[in-house]
Amino acid sequence: KESSLFSFRPPENGSPPPLLIILDRRDDPITPLLTQWTYQAMVHQLLTIKNNRIDLSHVAGVPNELKEVVLSAEQDEFYAKNLFANYGEIATTIRDLMESFQKRAKEQKKIESISDMKIFVETYPQFKKMSGTVNKHLTLISELSMQIGKKSLLELSELEQDMVCRADHSAQLNKVKKLVTEEKISVEDALRLILIYSMLIPNNDINKSYSII
């Protein structure tokens, strides 16, 4: 989907050629501070990806085989297709994957002849691989959902977007003050909110943001 944005075609009918603008990150200090909602970014921000591996040993009730999972676009077709999908899309896609797996599981149980046994043996490796993919991504999305609720990230992200898109500094300052004092909000997230607000408010109000700390 997003890759089509960079699929440039030759200019037609005198239309201007596409223009690629490369900006130094110093021209946009806000974007890196915003909560990211794509699958790969969320997993890395909330669970941490290190050498294509994720440590889930701290997750309550996680099976032994999922205490450390590999997340590589080269080895995991589902991840390769969805690493840039947003949170809402990935939840729907995983549901579809689960339904497809359940359908395959029912088909695997129908062994009534030698021919069925042959098909089962031939398709079992793919079925086993699909089972591992489903379990891995269900575990990841469940833990992401838990972390989002635990850290009030939906409310926090809503305020971030509101500050970026709308100039209502007085109301936003009150919301920032309220959020940074809540126990759910981590020190890192509170600091991000303060930094975003500090960079967006008028210069003559800059001291108000520091009073939050």
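Let's start with confidence: among the protein's elements, helix α8 (residues 206-212) has the lowest mean pLDDT, 49, while strand β1 (residues 53-55) has the highest, 94. Here pLDDT is the predictor's confidence in each residue, from 0 to 100. Helices (H or I, at least four residues) and strands (E, at least two) are DSSP runs, numbered from the N terminus. Over the protein, the mean pLDDT is 80, and 75% of the residues reach 70 or more. Where pLDDT is low, the predicted coordinates should not be read in detail.

This is a predicted model, so local features need pLDDT of at least 70 and side-chain atom pairs count only at pLDDT 80 or more, whereas totals for chains, interfaces and linings use all residues. Residues are numbered from 1 along each chain as its sequence is written, and side-chain values use heavy atoms, leaving out hydrogens and water.

Now for the inside. A nonpolar core is a set of buried Ala, Val, Leu, Ile, Met, Phe, Trp, Tyr and Cys residues joined through side-chain atoms within 4.5 Å. Buried means under 20% relative accessible area, exposed over 50%, and partly exposed in between (1.4 Å probe, protein chains only). The largest core has 28 residues, and Y39, V43, L47, I54, L140 and L144 touch the most other members. Helices α1 (39-46), α2 (77-82), α3 (87-109) and α4 (114-150) each supply at least two of its residues, with α4 giving the most, 6 residues. Apart from this core lies another, of 17 residues, including L159 and L173.

L159 is also one of the buried residues of α5, along with others such as L156 and M163. Helix α5 (residues 153-165) has 13 residues and reaches 18 Å from its first C-alpha to its last, close to the expected 18 Å; that expected span is 1.5 Å times one less than the number of residues.

What about the aromatic rings? A search of the whole structure finds 2 aromatic pairs. Rings of Phe, Tyr and Trp (its six-membered ring) pair if their centres lie within 6.5 Å; planes under 30 degrees apart count as stacked, over 60 as edge-to-face and the rest as tilted.

| Pair | Centre to centre | Angle of planes | Type |
|---|---|---|---|
| W37 and Y87 | 5.9 Å | 50° | tilted |
| Y39 and Y79 | 6.1 Å | 70° | edge-to-face |

W37 sits in the segment before α1 and Y87 in helix α3, 50 residues apart. W37 is buried, with a relative accessible area of 19%. Y39 lies in helix α1 and Y79 in helix α2, so their pair ties together parts 40 residues apart in sequence. Both Y39 and Y79 are buried.
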